[in-house]
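Reader: I would like to learn how to read salt bridges in a model. Please take me through some cases.

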Number of protein chains: 2
Amino acid sequence: MTEKIRVGIVGYGNLGRGVENSIAQQPDMELAGVFSRRDPESVETLFVATAVFGLESIHDFNDRIDVLVLCGGSKEDLPVQTPELAANFTLVDSFDTHAKIPEHFAAVDASAKAGNTTAIISTGWDPGLFSLNRLFGEAIIPTGETYTFWGRGLSQGHSDALRRIPGVAGAVQYTIPSEEAIDRVRAGERPELTTREKHTRECYVVLEDGADADSVREAIVTMPDYFEPYDTTVNFISADELARDHSGMPHGGFVIRSGESSDGVAQTIEYQLSLESNPEFTSSVLVAYARAAARLTASGEHGAKTPFDIAPGLLSPKSPEQLRAELL
Amino acid sequence: MTEKIRVGIVGYGNLGRGVENSIAQQPDMELAGVFSRRDPESVETLFVATAVFGLESIHDFNDRIDVLVLCGGSKEDLPVQTPELAANFTLVDSFDTHAKIPEHFAAVDASAKAGNTTAIISTGWDPGLFSLNRLFGEAIIPTGETYTFWGRGLSQGHSDALRRIPGVAGAVQYTIPSEEAIDRVRAGERPELTTREKHTRECYVVLEDGADADSVREAIVTMPDYFEPYDTTVNFISADELARDHSGMPHGGFVIRSGESSDGVAQTIEYQLSLESNPEFTSSVLVAYARAAARLTASGEHGAKTPFDIAPGLLSPKSPEQLRAELL
């Protein structure tokens with residue numbers, strides 16, 4: 001491909017901004033524009049050169065965009081947008097409601113096949129890179145167990161739960177993978193572990209003036225489902241500290257395959273992500289899969305795909321010859 | 001595929017034995033036989049049911065084998081065998097002479113295209129799984145560095161070098177990744193590191209009767225190329241300890257991508273293998289790629305391929321629907 005891949009961004013929150021940032025680092029891509037439901041005039045982009053359009057005008061761009069990167073949420077946006085837009089555009093999304101992936105895939109597949117487009121769904125890191133490592137692990141070492149640990153990472157849902165407690169002025173919550181559980185897995189014990197046993201929760205809380213620390217702590221650690229079942233620590237900090245030390249969106253985790261290739265011969269595969277910005281990393285994965293989607297549609301491979309269907313070489317701007325010479 | 005994939009093993013050393021062992025664990029594969037240059041009567045297989053044939057008779061099996069797994073060495077065997085056999089058989093190999101991969105690929109590709117077969121070369125873990133992680137790392141985080149560390153692992157070449165030293169009755173050498181170097185990479189320093197700076201060498205040596213430990217140690221640590229440039233430790237042990245503690249073939253290593261998705265935002269991807277048996281693990285990877293090769297040839301995708309060209313889903317015995325529901 002000598003011409004650059006023209007990319008459109010649909011939705012402009014943290015993920016959309018991350019895609020804008022990532023495309024600027026790709027030698028073979030250019031940004032065609034951001035499409036937002038908001039008034040385009042009100043959208044402040046990362047780069048001044050980035051054009052913003054109303055989402056309703058996207059069909060004027062059918063011939064000027066090679067691939068769309070959908071940056072909406074999995075709850076409300078993507079179940080509607082991905083099948084709709086796949087009728088006319090090759091695209092990628094990061095749909096991450098694991099239980100609804102088969103349903104989402106079917107809807108997108110029908111639309112993409114009818115429209116002769118290619119739609120790669122559920123890219124990102126989980127689903128996405130973590131899924132690939134779960135697959136490689138069990139395909140290569142069929143006798144064994146696969147463990148997924150999340151964190152250390154900021155959990156938006158749990159942070160919101162903290163902020164609803166009376167007396168809390170601000171808060172963040174980090175999900176921490178249990179060191180003890182990881183050590184047991186790495187040691188080849190193959191323990192049975194629930195999500196609860198694999199993770200602990202760490203809270204950083206700013207109290208409202210006059211709020212009582214002990215009763216706030218008690219309200220947190222006894223909160224059903226969210227904190228009560230977990231080993232939870234609560235740290236009280238100042239508003240300045242919250243702003244200074246806890247405004248990032250770190251995340252990451254581990255996929256570990258622990259098994260045996262024959263009796264008593266242990267084999268361990270471990271994949272780990274340590275991300276200072278969860279949305280920027282997810283965006284970077286979306287952009288690599290956008291490259292693959294553009295190539296697949298150019299070679300006539302239409303319909304819905306997932307990372308399981310994508311040959312890794314398609315993610316790289318390098319030619320197959322270069323990849324074999326430099327990276328194999 | 002409802003019929004089992006019929007697999008032939010070419011060459012029966014540690015790798016061939018590992019493939020025999022791995023196929024017995026696959027729900028969708030059966031072993032058609034082992035093909036050896038040795039007298040078939042003299043080959044003792046892992047399972048009594050395994051048939052052994054002379055390699056010269058392999059063309060009698062054209063219609064009874066779906067895929068061959070080539071288990072010969074990269075120096076003498078594969079440069080000849082892979083192109084030759086690809087003319088008539090779909091196959092996989094673990095060709096691992098990095099510098100000669102482009103040449104090997106070209107020879108195999110010509111043969112496989114002429115013969116309408118599919119040949120996946122350079123599977124295994126390096127090249128293979130490590131290569132995939134190098135590719136994913138730079139495709140997703142283009143601004144950064146990729147580090148490959150090997151070990152802790154038994155090095156055959158360095159063990160042989162030890163055994164040639166006068167006064168040495170037996171010996172093994174382990175390549176150890178430098179903890180300090182790994183820590184610097186994990187910390188996001190992105191240091192420039194040579195292979196020498198990334199690894200140390202650990203020797204376990206059995207002395208001949210009357211040999212002088214100090215002069216053997218001196219001969220080891222001053223040996224040019226092999227040990228002199230490295231931080232090398234020498235441990236003297238008994239023949240019993242050597243047999244008891246050092247007869248396995250462990251190996252492994254790390255691929256770490258350390259980069260930034262935007263200025264000052266660090267992202268780290270780490271892939272680690274801890275293998276109690278290097279040949280059994282490599283065999284397991286070969287067998288998973290053999291499944292992919294059989295599927296690709298059935299769908300008419302002929303020619304030479306590498307792991308970069310293989311959609312991960314093809315490695316698993318599970319259907320695409322199952323993979324999406326269970327692993328994505």
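Author: Start with a network. A:E138, B:K318 and B:E326 are linked by salt bridges. A salt bridge here is a side-chain nitrogen of Lys or Arg within 4 Å of a carboxyl oxygen of Asp or Glu. This is a predicted model: local features need pLDDT of at least 70, side-chain atom pairs count only at pLDDT 80 or more, and totals for chains, interfaces and linings use all residues. Side-chain values use heavy atoms, without hydrogens and water.

Reader: How many salt bridges does the structure hold over all chains?

Author: There are 28. One of them joins A:R152 to A:E202, with the closest N and O atoms 3.5 Å apart.

Reader: Which parts of chain A does the pair A:R152 and A:E202 tie together?

Author: First, the terms: helices (H or I, at least four residues) and strands (E, at least two) are DSSP runs, numbered from the N terminus. A:R152 lies in the loop between β7 (144–150) and β8 (153–154), and A:E202 in strand β10 (residues 199–207), so the bridge ties parts that are 50 residues apart in sequence.

Reader: Is A:E202 buried or exposed?

Author: Buried means under 20% relative accessible area, exposed over 50%, partly exposed in between (1.4 Å probe, protein chains only). A:E202 is buried, at 19%. A:R152 is partly exposed, at 40%.

Reader: What about B:E321 and B:R324?

Author: Their side chains meet in a salt bridge, 3.9 Å from N to O. Both sit in helix α11 (residues 320–326) of chain B, three residues apart, so about one helical turn separates them. B:R324 is buried, at 10% relative accessible area.

Note on methods: Residues are numbered from 1 along each chain as its sequence is written. Chains are lettered from A and ligands numbered from 1 in the order in which they are written.
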